[in-house]
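Subject: Handover of a structure

Dear colleague,

Please find the structure below, together with its sequence.

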Amino acid sequence: MKSIQILIVDMGSQYTLVIGRTLRELGYRAAVLSPGKAEGWLKSNKPKAIILSGGSASVYEKNSPKPPKNILKMDVPILGICYGMQWISHKTGGLVAPHHERKEYGEAIVKFDTKNTLFHGIKHKNIVWASHGDSVEKVPAGFKITARSADGKVIEAMSNTVRKIWGVQFHPEVTHTKEGKKILVNFLERISGCEKDWQPADMVDDIRNETAKVASGKKAIIGFSGGVDSTTLSAVLAPVFGKNLLAVCIDTGALRRNELEEIKFNADAAGVNLKVVKAASRFQKAIGRQTHSELKRKKFKKLYGRILEEEAKKFGADFIVQGSLATDLIESGSAGKADLIKSHHNVGLNLKVKELYPFRNLFKYEVRELARQLKLPRSISQRQPFPGPGLFIRIIGEPPKKDKLDIVRWADGEVSDILKKHKVYENVSQLIVALDCQRTVGIKGDGRVYAYSVIVRGVRTLDFMTAEGVQFPSEVRREISTAVTKHPKIVRVFFDETNKPPATTEME
Ligand code: XMP
């Protein structure tokens, strides 16, 4: 599969992901990364085009987002959108003014210099969507003004073709900008030389061919959680390996209610043979009395890797296939190491058996799209994520022993059923139900008891980097509190509606 041509640096705008989605609609793939992650990624990748998104900050704020260092010296065409353009101007000697009297919010009429390549083929006078308080008052030396608001007051675009830098004050990615897509295509094709590469159907073939080259006639196992990544990868690779592929599901004892049945259903849908390895007691022993979430994760990961190796040996596998995505590799600092095979790496498990990473260049939205292409059921393509260490990291304050796992599993099942009944479940990106083992007083029957609390959290997000805490309707909350406190060990239910940041998705 071709490497990613376009980098979108997320400077904090609500529209950043809209840029990615619009580019896909136009036929281009893009990596959307925070400035810190983009910096790491750029060490081993050279994109053909970079877009600095908008953002809600002012360049004068102390901690306002800053793109990767030296981004303006990379000799790669750059388009700054809104805050992105203001940052470029501020950085290169222009003047950004907090002109609130010139702020724009909504549709604006703009006059374009259509001789500028960025605006090739669009109408001179045009409608755009703008949303900003600050604006560029004076463009930096060497830059030309290439668009102004119809009243001439706001500088709407600037460019320095020698330095390959373009800026627009409005949002071309938003549909209200009448010819925004043409502007983006001009930037990608005429200016940056990008080629269309977002063809989900081709992607399936690319991954199959690439894997067949190294693995044809060989045997492999795949760690199978039943999630969208491992299920879709299994469906992609099933025809490549045939009977030589075995999906291995490790039952850690920390799965949710009915999850094993779902896993079996998903393996079936993906067309792979499944082996379930019962390992609850091994995980209990390994995690022991650990309460610290990071240490729980480490112990979990070590045993998980060991069991995969054992299973690979039993099956006589030449490879262990991993469903890690570009984001997973970026998170662990290994982005851009574009080899298909890694026998030793610092991402995952440091296994002795060679590992294959066929999805290493993909993002979650692409995997969901592949799942749709492969006609996998919607329950798979839209499946909510669930952390690898499962319910082990949903028990707070006490070791995650079996009795606690049983309580949180039961509570998660009850809450999920209620949310599904009210058709709320499918509208959240992820449901988190955790057990807080801090005991508080309550009344059960005729007596006082000291018992646990359950925390219910729903988040809505596109990428899990930021998330909105969901407010469930009051009647749904009441039904959940009533249902969950029927458990003899639960006296309270808390609803966590905090956004990320400051809270994370998981309670740990
Ligand atoms: P946070 O809590 O960091 O979670 O906002 C973001 C997403 O990552 C999932 N998550 C994990 N997934 N192993 C995983 O496979 C883990 O250790 C882990 N910790 C968090 C979390 O469920 C959410 O979807």
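A residue counts as buried when its relative accessible area is under 20%, as exposed when that area is over 50%, and as partly exposed in between. Leu17 has a relative accessible area of 26%, so Leu17 is partly exposed. Please keep in mind throughout that this is a predicted model.

Leu17 belongs to helix H1, which covers residues 16-26.

Overall layout

The protein chain is divided into domain 1 (6-191), domain 2 (201-381) and domain 3 (401-496). Between the C-alpha centres of domain 1 and domain 2 there is a distance of 39 Å.

The nonpolar core

Which residues have the most contacts inside the largest nonpolar core? They are Ile221, Phe283, Leu419 and Ile480, in a core of 49 residues. Several elements give two or more residues to this core, including helix H8 (280-287), helix H9 (293-315), helix H13 (402-421) and strand S20 (447-460). Because domain 2 (201-381) and domain 3 (401-496) both give residues to the core, it lies between them.

Strand S20 also holds Ala451. With a relative accessible area of 5%, Ala451 is buried. The C-alpha atoms of Ala451 and Cys437 are 7.8 Å from each other, while the two residues are 14 residues apart along the chain.

The surroundings of the ligand

The ligand is surrounded by Arg297, Pro385, Pro387, Gly388, Pro389, Gln430, Phe464, Lys500, Thr504, Thr505 and Glu506. Sorted by class, this shell comprises four nonpolar, four polar and three charged residues.

Which distances separate oxygen atoms of the ligand from side-chain atoms of Gln430, Lys500 and Glu506? For Gln430, an N or O atom of the side chain is 2.6 Å from a ligand oxygen atom. For Lys500, a polar side-chain atom lies 2.7 Å from an oxygen atom of the ligand. For Glu506, the distance from a side-chain N or O atom to a ligand oxygen atom is 2.5 Å. Taken alone, the ligand exposes 500 Å², and the protein buries 70% of that.

Residues in loops

Most residues other than glycine have a negative phi. Asn70 is not a glycine, yet it has a positive phi of about 60°. Asn70 is found in the loop between strand S3 (49-52) and strand S4 (78-81). Is Asn70 buried or exposed? Its relative accessible area is 52%, so Asn70 is exposed.

Lys375 likewise has a positive phi of about 60° and is not a glycine. Its place is the loop that joins helix H11 (364-373) and helix H12 (378-381). Lys375 is exposed because its relative accessible area is 72%.

Thr252 is also found in a loop, between S13 and helix H7 (259-270). Its relative accessibility is 5%, so Thr252 counts as buried. A polar atom of the Thr252 side chain lies 3.1 Å from the backbone nitrogen of Ala254.

Yours sincerely,

A colleague

Definitions and conventions. Residues numbered from 1 in each chain as written. Predicted model: local features only at pLDDT ≥ 70, side-chain atom pairs only at ≥ 80, totals over all residues. Heavy atoms only, no water. Domains from an automatic or database assignment. Near = heavy atom within 4 Å. Polar contact = N/O pair within 3.5 Å; in protein donor to acceptor, adjacent residues only side chain to side chain. Areas by Shrake-Rupley, 256 points an atom, 1.4 Å probe, with all protein chains shown as cover. Nonpolar A, V, L, I, M, F, W, Y, C, P; charged D, E, K, R; others polar. Helix = DSSP H or I, 4+ residues; strand = E, 2+ residues; numbered from the N terminus. Buried < 20%, exposed > 50% of the residue type's maximum accessible area, 1.4 Å probe, protein only. Core = buried A, V, L, I, M, F, W, Y, C linked by side-chain atoms within 4.5 Å.
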